[in-house]
Amino acid sequence: MKILTVCGNGIGSSLMLAMKIEEICKEENIDAQVESSDFNSAQGKNPDLIVTIKELAQQFENKRVVAIRSYVNKKKIREDVLDIIKAIQIKQQR
Amino acid sequence: MIEKLFNSTTVAVNVKAKNWEEAVRYGGEMFVKAGNTGRAYIEAMIENIRKMGQYIVIAPGLAMPHARPEFGVKKIGLGLVHLKEPVAFGNKEYDPVDILVFLCATDKNTHINVLSELMELIEDEFFLKQVRGGMEKNAIINYIHQKACKGENK
């Protein structure tokens, strides 16, 4: 599955978040391509899931978005994203 | 690689700042002095924080100010500022901030390795504790250098 992490700049926070999500997916044996992007470029992309902070999450329309509380705290990120990532995985395997 | 980016121009301790803006300006000036960015980058970092500031506070007491490459970034850079007195950024969970890690990058892809090394550093509780305990500038630079070299030998 394709996961896109998004922050305002696309060079710091979203990249760190992407690395954390990659680690989490690896630990859970989930096959995922994680990419990072700034908010504007993200509009033109079509990933299976967008991961970003609440303020930006609200601005996406017609996309599957999950809001995270932290860009770098792995425990919080795991709590916020793992269920939905697993759900998408199950759906794709059907 | 980060050991090449944290150097005597981009690391400062015992810095006095009245508020977050002064603290960010201080780090921005270091980048200008070191030739990493032009002055526009300072204003861009501040503007970013005004817009969605609290998210740059990424861990307890630790903020990572940065802005987009097109705001005058000349070459990739990292900076570290330890404040004498902490300042508030408006982040309920992680304020007040006394360690600022500055980042500037020329594009999104060239600095992935740098960022991954940086993440190891800012998750190094021992290091952060030492910095907060008054670690000297040269000791900080040496610590980062040694940590990076150990990493390469892994």
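**Terms and their grounds**

Reply: A:Thr52 is located in strand 3 (residues 49-53) of chain A. The model that contains this residue is a predicted one.

Me: Why is A:Thr52 called buried?

Reply: The term buried applies under 20% relative accessible area. A:Thr52 has a relative accessibility of 0%, so it counts as buried.

Me: Why is the pair of B:Glu123 and A:Lys20 called a salt bridge?

Reply: The rule asks for a side-chain nitrogen of Lys or Arg within 4 Å of a carboxyl oxygen of Asp or Glu. In the salt bridge of B:Glu123 with A:Lys20, the closest N and O atoms are 2.6 Å apart. B:Glu123 belongs to the loop between helix 4 and helix 5 (125-132) of chain B, and A:Lys20 to helix 1 of chain A, so this pair joins two chains.

Me: Are B:Glu123 and A:Lys20 buried, partly exposed or exposed?

Reply: Buried means under 20% relative accessible area and exposed over 50%, with partly exposed in between. B:Glu123, at 42%, therefore counts as partly exposed. A:Lys20, at 4%, therefore counts as buried.

Me: What makes A:Glu23 and A:Lys74 a link between parts of chain A?

Reply: These two residues form a salt bridge whose closest N and O atoms are 2.8 Å apart. A:Glu23 lies in helix 1 of chain A and A:Lys74 in helix 4 (residues 74-93), so the pair ties together parts that are 51 residues apart in sequence. A:Glu23 is partly exposed at 33% relative accessibility, and A:Lys74 is partly exposed at 24%.

Me: Which residues are joined into one network by salt bridges that share partners?

Reply: The network consists of A:Glu23, A:Glu27, A:Glu28, A:Lys74, A:Arg78 and A:Lys86. Over all chains, the structure holds 21 salt bridges.

Me: How do you know that chain B touches chain A?

Reply: Contact means heavy atoms within 4.5 Å. By that criterion, 23 residues of chain B are in contact with 21 residues of chain A. The two chains bury about 1900 Å² between them, with 62% of it on carbon and sulfur atoms. B:Tyr55, B:Lys108 and B:Met119 supply 33% of the area that chain B buries against chain A, more than any other three residues.

Me: How many salt bridges does the rule find across the interface of chain B and chain A?

Reply: The rule finds three salt bridges across this interface. A:Asp38 forms a salt bridge with B:Arg68, where the closest N and O atoms are 3.5 Å apart; the cut-off is 4 Å. Between the two chains, seven residue pairs are in polar contact. Helix 3 (40-52) and helix 4 (112-122) of chain B are the elements that give two or more residues to the side of chain B that touches chain A. Helix 4 gives the most, with six residues. The residues of that side divide into 14 nonpolar, five polar and four charged.

Me: What makes a set of residues a nonpolar core, and which residues touch the most other members of the largest one?

Reply: Such a core joins buried nonpolar residues through side-chain atoms within 4.5 Å. The largest has 62 residues, of which A:Ile21, A:Val51, A:Tyr71, A:Ile85, B:Phe6, B:Leu118 and B:Phe127 touch the most other members. Helix 1 (residues 13-27) of chain A gives the most to this core, with eight residues. Another core, of 28 residues, lies apart from it and has B:Ala12, B:Val15, B:Tyr41 and B:Cys104 among its members.

Me: Why is A:Asn29 called exposed?

Reply: Exposed means over 50% relative accessible area. A:Asn29 has 69% relative accessibility, so it counts as exposed. This residue lies in the loop between helix 1 and strand 2 (33-38) of chain A, and its phi is positive, about 60 degrees, although it is not a glycine.

Methods
Residues numbered from 1 in each chain as written. Chains lettered and ligands numbered in written order. Predicted model: local features only at pLDDT ≥ 70, side-chain atom pairs only at ≥ 80, totals over all residues. Heavy atoms only, no water. Buried area = accessible area lost by both parts, 1.4 Å probe. Polar contact = N/O pair within 3.5 Å; in protein donor to acceptor, adjacent residues only side chain to side chain. Helix = DSSP H or I, 4+ residues; strand = E, 2+ residues; numbered from the N terminus. Nonpolar A, V, L, I, M, F, W, Y, C, P; charged D, E, K, R; others polar. Buried < 20%, exposed > 50% of the residue type's maximum accessible area, 1.4 Å probe, protein only.
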